[in-house]
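User: I'd like to learn how to read helix packing, backbone angles and a chain contact in a model like this one. Could you take me through it step by step?

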Amino acid sequence: MKKILQVRKMEKTYGKRGNITKAIDGISFDVVKGEYIGIMGASGSGKTTLLNCISTIDTVTGGSITINDCDVTALSAKKLSAFRREQLGFIFQDFNLLDTLTAFENIALALTIMKCPAVEIKKRVEEAAERLEIQEVLGKYPYQMSGGEKQRVAAARAIVTEPAMILADEPTGALDSKSAKMMLKSFEKMNEEMNATILMVTHDAFTASYCKRILFIKDGQLFHEIDRGKESRKDFFNEIIDVVSVLGGDNSDVL
Amino acid sequence: MYFKLARKNVRKSIKDFAIYFLTLVFGVCVFYMFNSLDAQQELMAFTESRHETMVALTQILAYFSVFVSVVLGFLIVYANGFLIRRRKQELGMYMLLGMEKWKIARVLIYETLIIGVVALGVGLGLGVLLSQLMSVFTARLFEVNMTGFHFVFSLSGAAKAVMNFGLIFMISVLFGTISISRYQLIDLFQASKKNEELKLRGMKVSVVIFILSVLCLGSAYGLILKNGLLNMGWMFTASILLGSVGTFLFFMSLSGFLLRTVQANPKLYLKNLNMFVLRQINSKINTTYVSMTIVCLVLLLTIGTFSSGMGISMAVSTDLAAAAPYDYSITQFHSENDPEEISILNQINERFGEEAYLEAAEIREYDSGLTLRALMELSGEELDYEEMAEIHAPMIKLSELNALRRMNDQPGIALEEGKFFLVCTNGDFKSFFGNLFAVTQTLELGGMSFELQSEELIQTELETGMRYGNMGVFVLRDEEFPEAALALQTLNLNFENDEQANAFRAGMSIWFADAETRPFHRAIAKEELYEAGVSTRTILSFLAIYLGFVFLITCAAILALQQLSEAADNRERYELLRKIGAEKKMVNQSIFFQIFLYFMMPLGLAIVHSIVGLKVANDVIRLLGDMDIVGNLVITAFFILVIYGGYFLATYLGVKAIVAPESGGMKE
């Protein structure tokens, strides 16, 4: 199986000499094509920093990150932009749709930035919309949509460029439970039908239970890793809860 | 403690304040410069009449300064309200921490005070420095010599600036306090979270409104072109109204129309960030079309003020020499019941003696019996001088013309038997007679038929003070001169030196007051004409520059403030664009294009308006003399380019610094 992402001894520190905070302290892991991987951890564990570094929005202070055989820690700013638009798809907690653009235009934006020919754009946007079942909101503006619809439009924007990997940061964080479930079903579908590689950061056990593999991070280090295997989602959820209760904050000290 | 908070706030938000601050500095600086003329005149050697002009100019500038204060006051109040609205969240935080509203108001008052005092100080300093330079310019316009150069400071100008701007700041603080007292904590705190209610107009409606606006503007242009500028009838009013409404509708629908047009072409619409830029502009213009309209109309006023002010002043100055060929002209009109003919020269000699002047020539104009209407019928060409159609063209004797030409250092002209020629120096009439003589060269003058000797029109001014030149005088041989009624007598005099001229003028002004015995209706000295010209020119130039500058910085500052304050909102949008992989160059281009369009739209329409307006105004100015329209437009364009362009550039750099920091840091 092809390795899409290789993280090797990655480090990220903030602050200057004498007052250094290690946000990430030597994390290594691999993600292969078609994987649906979750990253869990408490607030301040470093999971968002990890995601920002992988998504090339932030830079690492040590180690390497290789995406699709390309070491992103060594790319120039200009190449990084090109890399992001060609290889990565983003889904954010607060949707991050442009409120002045319609759903169609929001999705198309990812393609126009790639300088995709106009004739192709319409076709591809409609394809992505069909997959996420949002054809009927394509003409609407974000303020006319529900939270779930907005997040699915954001997801469509992420997959429309057919990226090597989709990065999702708390995608269900701003959704009610019904919309969240629908969203996660869409992710599952994207993963299974399109063989999309998804890396999702979350602190919510229910959301995480849709993943196939979960990495737990604590204080900037890899703490634990569990694989769903053939388990049902419900059993997997219980397994996650067990790990979280050990991991969870300072509870481990109490135990 | 509140003062400290205010000081820190000002320092922190210096980026947002910079353009506002600079505009205040410019405002104060210009205000001082144009109100400090009293100090500048210390540096110049004035004649008495120039001094009077200076007094008049100072007064006129003082009147207009009230108007300028109102304009700048509007800008400052608007800008302050704008800045307060932008800081809702920060103010909400103060309230959440338990600060009372009046204490928040106090912080804002301190902030305004700090900015105001610093801007006043810097503006006055700059104004004092620049007014030293300006005195050179003033002296040149007045055509007076500088007596010596030393540092000047106008206490009254400075006091006026401090008082005016102090009052404006106070009013703006008052408005700010009122607006704060109205805010509710929940609104303040959720200001940024609140979903922006986008008022999107239906595309079809936009197209209809756009077509309507074009129709309005078209008919406004048509009406004003047909009506002209001097005739204040219903057409004039309708044109102004239609023009304003058309402009308003234009900005209301432009962005929607533009969006619609570009959307129809997917290749263009779905290219790079075009879609994003157009939507951005569309969303903004939908809420700012009122200010767009005002900015556009004020820009029109600026272009109009500046170029026609400059135009008139140049027309006045270039024609001064041509309009005053003789040192003194005395004119007597004759009507039918006043046929007695007394030589003016004889009477002058009787009163002042022959040694009162150097040389003299008298011209008598007789009624040729030909009306302008008759001439127009002959040539088949309609001249736009309806009010003059019944005036009879004059004719004069060759010997008198030649005497006058000798005074002018022009050679004498010989005339064959049965022939005539024409003296004409007015531009419009020169071409009229040129066309007339192409049709016929035989004219009935004083009941007798004469033939044209030469198509060349003789260039001799018959008196001093005819600014438009003379409109055509037929010249006949003395021996063949027909019996005709005397219409007008003119005596032209030249003097040996200034002393003689001044003495004569003094004597004439006493005589002029005595309506019973004086043998003339009009007396003009070259010097007086010159003074009047210099005075008109100086006053117009000063006003054009003063008002033009103030209008321009006001417009540019409003646009800049709107863009800069939007920048904070747009920051997230641009950050998203970069996150999903838009290159910095692409993002910068879209910022540039957005601001460029925002600045260009009102200017563009104002330019179209002013092309029409100047065409009309030009017809009026041309009456005062030929003017160099291209030259004036170039100067105006340069002036606008530097100031408006400067604001545009500053805004672009400011917005770029806010939404796309150079450091490239995209941390949380």
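User: Which hand does the crossing of α6(B) and α7(B) have?

Analyst: In this predicted model, the crossing of α6(B) and α7(B) is right-handed. In general, a packed helix pair is described by the angle between the two axes and the distance between them. Here the axes of α6 (residues 101-142) and α7 (residues 155-182) of chain B come within 10 Å and cross at roughly 155°. Angles over 145 degrees count as roughly antiparallel, so α6(B) is roughly antiparallel to α7(B).

User: Which residues of α6(B) and α7(B) meet?

Analyst: From α6(B), they include B:Ile104, B:Leu108, B:Thr112 and B:Gly116; from α7(B), they include B:Phe165, B:Phe169, B:Ser172 and B:Gly176. By class, this contact has 13 nonpolar, six polar and one charged residues. Spacing is a handy thing to look for: an α-helix has 3.6 residues a turn, so residues three or four places apart point the same way.

User: Which residues of α9(B) are buried, and what follows the helix?

Analyst: The buried ones are B:Ser206, B:Phe210, B:Ser213, B:Cys216, B:Leu217, B:Ala220, B:Tyr221 and B:Ile224. After α9(B) comes B:Gly228, with a positive phi near 85°.

User: Where does chain A have a positive phi in a residue other than glycine?

Analyst: Two cases are worth a look. A:Asn68 has a phi of about 50° and sits in the loop between β4 (62-67) and β5 (70-71) of chain A. A:Asn96 has a phi near 55°, and lies in the loop between β6 (88-91) and α3 of that chain.

User: Are A:Asn68 and A:Asn96 buried or partly exposed?

Analyst: The cut-off for buried is 20 or more other C-beta atoms within 10 Å. A:Asn68 has 19, so A:Asn68 is partly exposed. A:Asn96 has 20, so A:Asn96 is buried.

User: Finally, how many residues does each chain bring to the contact of A with B?

Analyst: Chain A gives 24 residues and chain B gives 23. On the chain A side, α2 (77-87), α3 (103-113) and α4 (118-131) each supply at least two residues. That side divides into 14 nonpolar, four polar and six charged residues.

Methods:
Residues are numbered from 1 along each chain as its sequence is written. Chains are lettered from A and ligands numbered from 1 in the order in which they are written. This is a predicted model: local features need pLDDT of at least 70, side-chain atom pairs count only at pLDDT 80 or more; totals for chains, interfaces and linings use all residues. Two residues are in contact if their C-beta atoms, placed from the backbone, lie within 7 Å. Helices (H or I, at least four residues) and strands (E, at least two) are DSSP runs, numbered from the N terminus. Ala, Val, Leu, Ile, Met, Phe, Trp, Tyr, Cys and Pro count as nonpolar, Asp, Glu, Lys and Arg as charged, and the others, Gly among them, as polar. A residue is buried if 20 or more other C-beta atoms lie within 10 Å of its own, exposed if 12 or fewer, and partly exposed in between; C-beta atoms are placed from the backbone. Axes are lines fitted to C-alpha atoms, for helices over the stretch in contact, and angles run from 0 to 180 degrees between N-to-C directions. Angles under 35 degrees count as roughly parallel, over 145 as roughly antiparallel, 65 to 115 as roughly perpendicular and the rest as oblique. A crossing is left-handed if the near helix is turned anticlockwise from the far one by less than a right angle, and right-handed if clockwise.
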